[in-house]
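Colleague: Please take a close look at one part of this model: the place where the two chains meet. Walk me through what is there.

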Amino acid sequence: MLSRSAAAAPAKRRAPARVLPGFKITLGYTLMYLCLIVLIPLSALVFKTFTLTWDQFWAAVTGPRVMASYRLTFGASLIAALVNVVFGLLVAWVLVRYQFFGKKVVDALVDLPFALPTAVAGISLTALLAGNGWVGQYLEPLGIQLAFNPNGIVIALIFIGLPFVVRTVQPVLEDAEKELEEAATCLGASRWQTFSKVIFPSIAPALLTGFAMAFARGMGEYGSVIFIAGNMPMISEITPLIIIGKLEQYDYAGATAVATVMLVISFILLLVINGLQTWQRRRSGAPV
Amino acid sequence: MSTSIIRRAEAGTTEAAWVRYTLIGISLTFLFLFLVLPLAAVFAEALRKGFDAYWQALKEPDAWSAISLTLITALIAVPLNLVFGIAAAWCIAKYEFKGKSVLTTLVDLPFSVSPVVAGLVYVLMFGAQGWFGPWLQAHDLKVIFAVPGIVLATIFVTFPFIARELIPLMQAQGNEEEQAAIVLGATGWQTFWYVTLPNIKWGLIYGVILCNARAMGEFGAVSVVSGHIRGQTNTMPLHVEILYNEYQSVAAFAVASLLALLALVTLLIKSVAEWRHEREMKAIRDLPPENTQAASSTLPVKAAS
């Protein structure tokens, strides 16, 4: 009812752009819900930060333990995202270009890290990599320890980030025109040259987007990491855990300050990802 | 057409057999190590002491209350985000307006905010020292360390899932079919119900089940606002954490195995939805030529999530 009457007016004034009804009500509802759930709560964080003096804020966000956690979170996310770029591209390539037994199952399984709760992933990876686990028992005699130290964090973040790279590269590879590769071959390019000079440039924006998404997710990840990290201050304590630790000591100001730093980082990453996606769309010439 | 030309062209766009098999081998090994092993480990650890111990762990009253709280949370959060997702996708995909790209970015925002920060903002709003804290206390209402806080944090974390799934899908399908319906005299609801919904149903189903999986499995945000009161404010992932930290490994993995099953069911439904969608698209493509106009507007719909 409402949508019909809302439609009648703009349809007369601004035909044909808004023939469809429901613009005002859906936009209004979207904005209201967005404000209530996301924007007002996030602004609470910003306002709370402004109640701190600059010195308080600076002391809270640059303490040695906090600085160590930034380095760790940043470094581990970076390494994990780089590993995911290599293997994510490989998996996407294999899934798009080759036929093999069980391909559909493998394709479905790639989304597992999206669907599996992070806490479950965390305890399960820990159980695998601990000294008595399926994998850990073979690595420990070799002197390789993957659980309860920064190595474990990287592994958990590889698990979490993998589908981001695969799922951004896969559709671009599917849409890639084979004619270009055929032309390259006819012009005498080797298969490797075709890949590095023709295929790779066309998927590079998608690959970068996937990298940025995996990296952003890794920076904020909590559930899967805390079980495997060992959580030693200065060594394997990630930034989200610092926030939790401050909250548990009722240091709301300190927690807010560190959270604001993380929020700013995620804003920047979000803008970078958006820019990359625009670039990618322009490169592929898609109208969307 | 001569097959030799096709063969030569194809040889130029693929690799030697040994390269193919090496690449397939490497990626399958990688996926086995990083995806299959962790999944298998959940069930193996859960059943390590046999079915009886597994069953005992799941029969615990605390486990039951965690399961029911998780279900209640998802039952509130998913429908709310579903309504939002459809509304947001409708206004973003079907219209052009100023600030549209800003709105799209803001809808994505909860994806890039750390779950811990998401939990914290609700503590700052509704906690004892928060904006509404004194008012809530005066009226004897509890949000933080209680169920409403858990629901709110879950809504925040799963906020963009359905909208994200629907926006590219509806953009790719364009407006022609809906405009035709309106011109033929359908109301807005009829247009949505009979024209738009059938076109987006598989994307919608996928968005809903993914949103549901995240809602039931959310850990970081919920952990900040829950207060970890056993039997009262523990969701399944939080219950897993408590059991694990108490070295009750079998019980922890037993509850975790339910969540892993949920993930597997999610993937299964997702794959079925995708296959059905592809089959429908193929059926449209195979229509006689006079219908290809309609078909081509709905073709490029396999959206990256």
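Modeller: About 8,600 Å² is buried between chain A and chain B, and carbon and sulfur atoms give 78% of that area. Buried area is the accessible area (1.4 Å probe) that two parts lose on being put together, summed over both. In chain A, Leu20(A), Tyr33(A) and Tyr98(A) lose the most area to chain B; together they make up 8% of what that side buries.

This is a predicted model, where local features need pLDDT of at least 70, side-chain atom pairs count only at pLDDT 80 or more, and totals for chains, interfaces and linings use all residues. Residues are numbered from 1 along each chain as its sequence is written, chains are lettered from A and ligands numbered from 1 in the order in which they are written, and side-chain values use heavy atoms, with hydrogens and water left out.

Now the residues. Chain A brings 94 residues to the contact and chain B brings 96. Contact here means heavy atoms within 4.5 Å.

Two salt bridges are counted between chain A and chain B. Each needs a side-chain nitrogen of Lys or Arg within 4 Å of a carboxyl oxygen of Asp or Glu. Lys270(B) forms a salt bridge with Asp111(A), and their closest N and O atoms are 2.5 Å apart. On the side of chain A that touches chain B, α2(A) gives the largest share, 19 residues. Helices (H or I, at least four residues) are DSSP runs, numbered from the N terminus. Helix α2 of chain A covers residues 23–50, and Phe47(A) lies in it.

Technical notes. Helix = DSSP H or I, 4+ residues; strand = E, 2+ residues; numbered from the N terminus.
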